[in-house]
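Dear colleague,

I am passing on the structure below, together with some notes on what came out of it. Please read the notes with the coordinates open.

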Amino acid sequence: MTATDDQKEASKTPVLKLASGIEGFDLISQGGLPIGRTTLLAGTAGSAKTLFAAQFLAEGIRKHDEAGVFVTFEEPPEDIRKNLLSMGWKIETWEVEKKWAFVDAAPQPGEEIVMAGDFDLGALLARIEHAVNRIGAKRVSIDSLGAVFTQFSDSGLVRAELRRLAAALRAMGITVIMTAERTDEYGEIARFGVEEFVADNVIILRNVLEDAKRRRTIEILKFRGTVHRKGEYPFTVLPDQGIVIIPLSSIELKLRSSDLRVTSGSQELDRMCGGGFFRDSLILVSGATGCGKTLMTAEFIAGGSENNEKCLLFAYEESREQLIRNATGWGIDFEKYERDGLLKVVCAYPESAGLEDHLIQIKAEIDLFKPNRIAVDSVSALERVATRHSFRDFIITLVSFVKQREIPGLFTATTANLMGGPSVTESHFSSITDTIILLRYVEMLGEMRRGLTVLKMRGSMHEKEIREFTIDNKGMHICKPFRNVIGILTGKPEYLTMDEMDRVGSLFAD
Amino acid sequence: MSACRKHRFLLFVDGDSLLGRRALKNFQDTADGLFQDGYSLEVVDIFKAPERTEAFRVMAAPTLLLLAPMPQMRIIGDMRDREQLRKVLGKVGHGEEGAA
């Protein structure tokens, strides 16, 4: 069928969707699974197929009061009950309440089976139909097709019988997930050619090894006759929640932008930015280690707290004690703000969890604390637990969380070189941030000094000069521009004599 | 032949299907000759008695289940190869004797 035929079919009979209840999935699928259809869920070993199939039923029971039948060809029901108890799902209780039913088609160890002539799988169909009718199920999960093919050697017959099963369930209006094995992450859809009979709707789960780190993603390959979001979305498996998909929001979201300004915490910096940061903007502060990023973060928080705004700080580089001590050294009392309920400091080591888990923690804290401004110090510390792809996804998702709340977010990034140069964080971040502030060491006549410039500020006039700044027990002080130095940003400062400066100046004089 | 043990069979079929009828005939013809002191056979319609199909975890039709003597065994298919069927059923209940 061609794409136009597809559209015609879709316009005649719109495909409705059944909200799965799996967090994030109904967003990326734009409503859930095609209702009354079979969806193939393909993935390699360990890609969380069984969990997804079970969660589809569990969320149906928990969130929509819809009963479900789990057909298992592989694991015995007692194993599934036990495994899913760790997710907090009491399947045995649901079975008693007639909300969950197993059809146990797992091979029985020790039983002799003799194959003798022609047969069909009508008995399986009879059992599934019976289970569906017994509990009034709306959902069926079948796990996994590959195991049927290994139980019966005639794969042509198995394919034909599974097609019959899918047709029978469709006639009953049941929404079905069938899982199937893949051998490669980026190869044929599934083994045994199962996509031939459940080709309309295909979802792929991946568990890719990238830079020695595991990364799970989900991709909706196709939904016949209906829309869905394209591409791979990262997900994670949490002990008490199961699969949580992270819906990367694209930045072209219809986000309102505000011309309200908020203080950066430093009057001088506010002046450089033309009156402060925009209320719904993202600010990236980039610089080498020790050149003042954490100080800028602390000032940003103090600026908010002094105006009775709630601030949320995620710290990935320093412990709570270090942070509080440092801030005190700059005349900023974090503990007082915390007592006043204006500040929450969340400290975590990047290595304590996977990137997806950090992201979910950040989102949960934002939802809970409902801050007026957010700071992350530093985002680049999280690069250590990320792969190239997942870090980009992470940044985009993080940005969208903050943008949706229409609050300012200040993120710091550490550059690899002391004297400047780009960082990975910057390359992912720079195009989606509204404001970029660079902090640089400047070597001048045998002395290390610090420079600051507003590199970019979307929608506002701002100063273009590189200014010197100093740090003392009152915090940050922005001073005069470096007039006679060039090459600060590239990390190779050179000094101009007054003659040269006059000459450069006169080059552009009328 | 073990006269003291009675053989008990269940045959799961899909209603009046051709495969079911063939399986029944093939089995009865073979078993009648083999178990001269009798055997019991109950035919179960998978769609009319799905709870029994579930209880015995039957997947395919026709399926012949040997309930007694132990150990349980299942034969899947219409059993059209009677020579094979005779061999399989001939071993039933004989244990070492059949193997020797």
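A polar contact is here a pair of N or O atoms within 3.5 Å, where within protein one must be able to donate a hydrogen and the other to accept it. By that rule, 15 residue pairs, both residues at pLDDT 80 or more, are in polar contact across the interface of chain A and chain B; please bear in mind that this is a predicted model.

On the side of chain A that touches chain B, strand E5 (100-104), strand E6 (112-115) and helix H6 (122-135) each supply at least two residues, and the largest share, 8 residues, comes from H6(A). That side divides into 15 nonpolar, 5 polar and 7 charged residues.

The contact as a whole takes 27 residues from chain A and 25 residues from chain B, and the area buried between the two chains is about 2,300 Å², with carbon and sulfur atoms giving 57% of that area. In chain A, the residues that lose the most area to chain B are A:Val114, A:Asp118 and A:Arg127, which together account for 25% of what that side buries. A:Arg127 also forms a salt bridge with B:Glu54, in which the closest N and O atoms are 3.0 Å apart, and the count of salt bridges between chain A and chain B is 4.

Turning to helix H10 of chain A (residues 293-306), its 14 residues should span 20 Å at 1.5 Å a residue, which agrees with the 20 Å between its end C-alpha atoms. Because 13 of the 14 residues of H10(A) are buried, the helix is largely enclosed by the rest of the structure. H10(A) is followed by A:Asn308, which has a positive phi, near 60 degrees.

With best wishes

Key:
Residues numbered from 1 in each chain as written. Chains lettered and ligands numbered in written order. Predicted model: local features only at pLDDT ≥ 70, side-chain atom pairs only at ≥ 80, totals over all residues. Heavy atoms only, no water. Helix = DSSP H or I, 4+ residues; strand = E, 2+ residues; numbered from the N terminus. Expected span 1.5 Å × (residues − 1). Buried < 20%, exposed > 50% of the residue type's maximum accessible area, 1.4 Å probe, protein only. Contact = heavy atoms within 4.5 Å. Buried area = accessible area lost by both parts, 1.4 Å probe. Salt bridge = Lys/Arg side-chain N within 4 Å of Asp/Glu carboxyl O. Polar contact = N/O pair within 3.5 Å; in protein donor to acceptor, adjacent residues only side chain to side chain. Nonpolar A, V, L, I, M, F, W, Y, C, P; charged D, E, K, R; others polar.
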